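I wanted two things from this entry: a look at one chain-chain interface, and a look at one residue elsewhere. My notes follow.

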Amino acid sequence: MAAEDKETSKNAGPGAASDAGKRTATDSPVEATADSPEEATADSPEEAAPQMLTVASSPHVRSGESTSRIMWTVFACLLPAAGWSVYLFGMKAAIVLATCTGGAVVIESLVQYFTRGRTSVQDGSAALTGLLLALTLPPGASVVICLVGAFVGVVVAKAVFGGLGHNPFNPALTARVFLLIAFPGPMTRWPIPLQALADKPQKLYGQSTSWLDAAGRSLDFANAKTGAALHSLAAKVDVITAATPLAVAKEHWKRGTGELTTYSDYFVGSMPGSLGEVSVILLLLGAAVLLIRGYISWHIPVSFLLGVIVMAGLTHLANPTRYMDPIFHLLTGGVIIGAFFMATDYVTSPTYPLGMVIFGLGCGLLTMIIRLWGGFPEGVSFAILIMNACTPIIERYTRPTRYGLKPWAEPEAS
Amino acid sequence: MPDTKEAKKLDQDAAPTTDGSAEQASQDSPMRLVATLIIVTGVAGAALAGANALTKDRIAAAKAAKKLASIKKVLPRCSNNPVKDAIKVKSPKGSEVEVYRCRSRQPDGSAPVVAVAIQQSSTGNRHKPYSGLIQVMVGIDARTGKVRSFKNNKGSDDVAVVIVKLSETPGLGSKAQDYDFRKAFAGRDLVDKDRTSDGKLWATRKDNPQLGFVDAISGATITSRAVTEIVQKALAVWNANKKIILTKGLDAPPKRPTTTPTREKRP
Amino acid sequence: MSKSSNILSRGLWKENPVLVLLLGMCPTLAVTTSAYNGLGMGVATLAVLLGSNIFVSLIRSLIPKKVRIPCYIVVIATFVTLVDMILEAFVNNLHSSLGLFIPLIVVNCIILGRAEAFASKNTLGRSALDAVGMGLGFTLTLFALGSVREILGNGTWTLLQYQEILIQLRLLSKSTDPILVMILPPGAFIALGFFIAGMNAIVARKKSKAA
């Protein structure tokens, strides 16, 4: 059982006992004896009956959670935000959501078939990857883009490394960054939620949706904010694209032009953006469920947001005309979905509280560095991927010492 | 690996026939080493010198043909060779620019300049390209001072703005080579530094929604701005040197161009 | 299988320089942005390999062991410069798109490797056969890699581009967006990774069948 020990000790240190219980990879050493140790992390069939007289290493307290249960809960927590995006952007958003999620599941099944069961589609991780990916895409993404993204997420980012539990990078974000480089045009075309605007222009929208004014001007509508004008606009054109608030902000400080929407717009999502970044409030709702059920701990999201706030606050204080304030940076882009749903991915983030805080702060600071001085207007996905790469080294230096050992001592060779 | 074994055997077979063990010592003598190197490098040098002599003209011709090809793309049918009929002028910023002139022989024997090709690069641009250098060849109608537009030999519309060199991101900035982007420049001229004669501004529509006339490539605004400025610079060179270009070094007495228009379409 | 045909064929599959020996990665990754570029690079390398293998084999008994590497390098550099000049004179557009990577053939490990490991120990005929086999293996791999990358990344398949002649198939319509990253540097690594994985899978399957 030496190899087994290694697997479990990696995750189940004393400091993380409560957490490790939920790290489903390690909570089933009993069943894992049937498999080779490497696969133990990948598939741990919950339904296997406990056998008599099997000797297993810690943890011995089982929480009754399983990979698939956690995955499907997270999936469900994302559904309100996904539904909202369908309401805002219409059929286009529904197609993106369906192709990404369905595509990921189908591709995972194919991988399972070809690798003779070394990954498992039942654990729900593929469906979650697909949904998360869909939420990072612009509503107008084509079917081809969605399928390529699902392939990259499931095969290149996960299966190639040995399946769930072995992937060094968050699969959904890897896929998104791949798509961003692969399809730079379509991936940066953000449609305005036009039809939804037309139905409830006053209720949904604040007073200063300036991009809408600009869109109306370009199509010779004097006042594009009234319902009738919006209806005829929506009937006249397929789609109007506009820059996301972050892109506008970036132009703003570079050239001193461009107007921004109000914060209430950001909160309900009446702005151009990817499916999952348009509704902060519904994402927070889903995140609250995860926090209450204990599926994610507060460390990573809070330190992530803190990193963003500190960085944005300092730059805003230094030069308020050039840099936007922290609230703007929290409400726009993918900070919320990234902090609560992506950075907290068990496999690719540190295990111990101190490591989590370092990880989260790193994500927040990198996000802001990319947003303020980088080439792209949005930096959440890059920041999380970079910190994913740093996870092993953070883990190495934040591992709690075992009782009786000197702090920072090298772990004994077992 | 049967081949390796066999190779070794071959090596051993070959060794005694050529250099025996007695010869091994002499093989390592410094003189022998130096001599070998001198001979090898000498033979290599001689071979390359010969090859250079054989290919030199051909390479020069290929380079000239390449230049002529991009010039020809922006000029109508000429009765002269524009590369040979080039003059050097000063740009408004003071750098030296070569202007390639295209003449059309008239029935009366004169050959006025009907169009010119001017190449400009992004060097010194206010709007820098995204990466590397952009070079653009611009064809200007000598009678109107406007960027030429014409039908190309495939019969479709084209504009005399040709990207000679560009190292922008493929798929984004590289779309500056597409007609969809370049067509914005067709028939544009330059008056007053940054205006066209019909009051438009030399800017992308993104920077100036009312007056700008260039539709920026989606996702590559930086490249669009850079190319716009380069084309504008080429027109500025034309504006500053119109007289010299039209009159200097004429092979026929200066005459006002007659009304006969040159044929834009190539047969 | 006779021995000479074995020498010829092993470069194509069993000892494929790119997929098995992992030699010449620099040009493999850098110039395979189109099928035609891959083909051009492959043929240029084949020509240099053939020339250097023949020449090294001819002078193998005259060169003292101590200075053999500098001598081989001079021989290889000479052939590379020749190929460079010929390409610039006759296929100028290919020369400008391959650019720096033609002079870099000098340091392509395949060429010095074959000179040192094979040509310096074998007869002229066998060395020439070896060069052709290895060169063809390199060329075909680069062509295949270039094809995959160009089709996915640009939607086209360029087979020939000489002055005014252009043989190019458009496999994806202009309105569909190609997977641009495939013709960017990361795409080279991803495509090569899948090529090597596929090759290993086939070899493993063959082995398990034979066993």
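**Interface of chains A and C**

I began with the contacts. Twelve residues of chain A are in contact with nine residues of chain C. I am working from a predicted model.

Next I looked up the area. About 780 Å² is buried between chain A and chain C. Carbon and sulfur atoms give 81% of that area.

I then checked for charge pairing.

Which elements give two or more residues to the side of chain A that touches chain C? I noted α8 (143-156) and α9 (171-182) of chain A. α8(A) gives the most, with four residues.

I sorted that side of chain A by class. It has ten nonpolar residues, no polar ones and two charged ones.

**B:T36**

I moved on to chain B. B:T36 has its place in helix α3, residues 30-74 of that chain.

Is B:T36 buried or exposed? I read a relative accessible area of 8% for B:T36. B:T36 counts as buried because this value is under the 20% cut-off.

Last, I listed the neighbours in chain C. B:T36 touches C:I63, C:P64, C:V67 and C:C71, leaving out residues up to four places away in sequence. So I have B:T36 down as a buried residue of helix α3 in chain B, with contacts to chain C.

Conventions: Residues numbered from 1 in each chain as written. Chains lettered and ligands numbered in written order. Predicted model: local features only at pLDDT ≥ 70, side-chain atom pairs only at ≥ 80, totals over all residues. Heavy atoms only, no water. Contact = heavy atoms within 4.5 Å. Buried area = accessible area lost by both parts, 1.4 Å probe. Nonpolar A, V, L, I, M, F, W, Y, C, P; charged D, E, K, R; others polar. Buried < 20%, exposed > 50% of the residue type's maximum accessible area, 1.4 Å probe, protein only.
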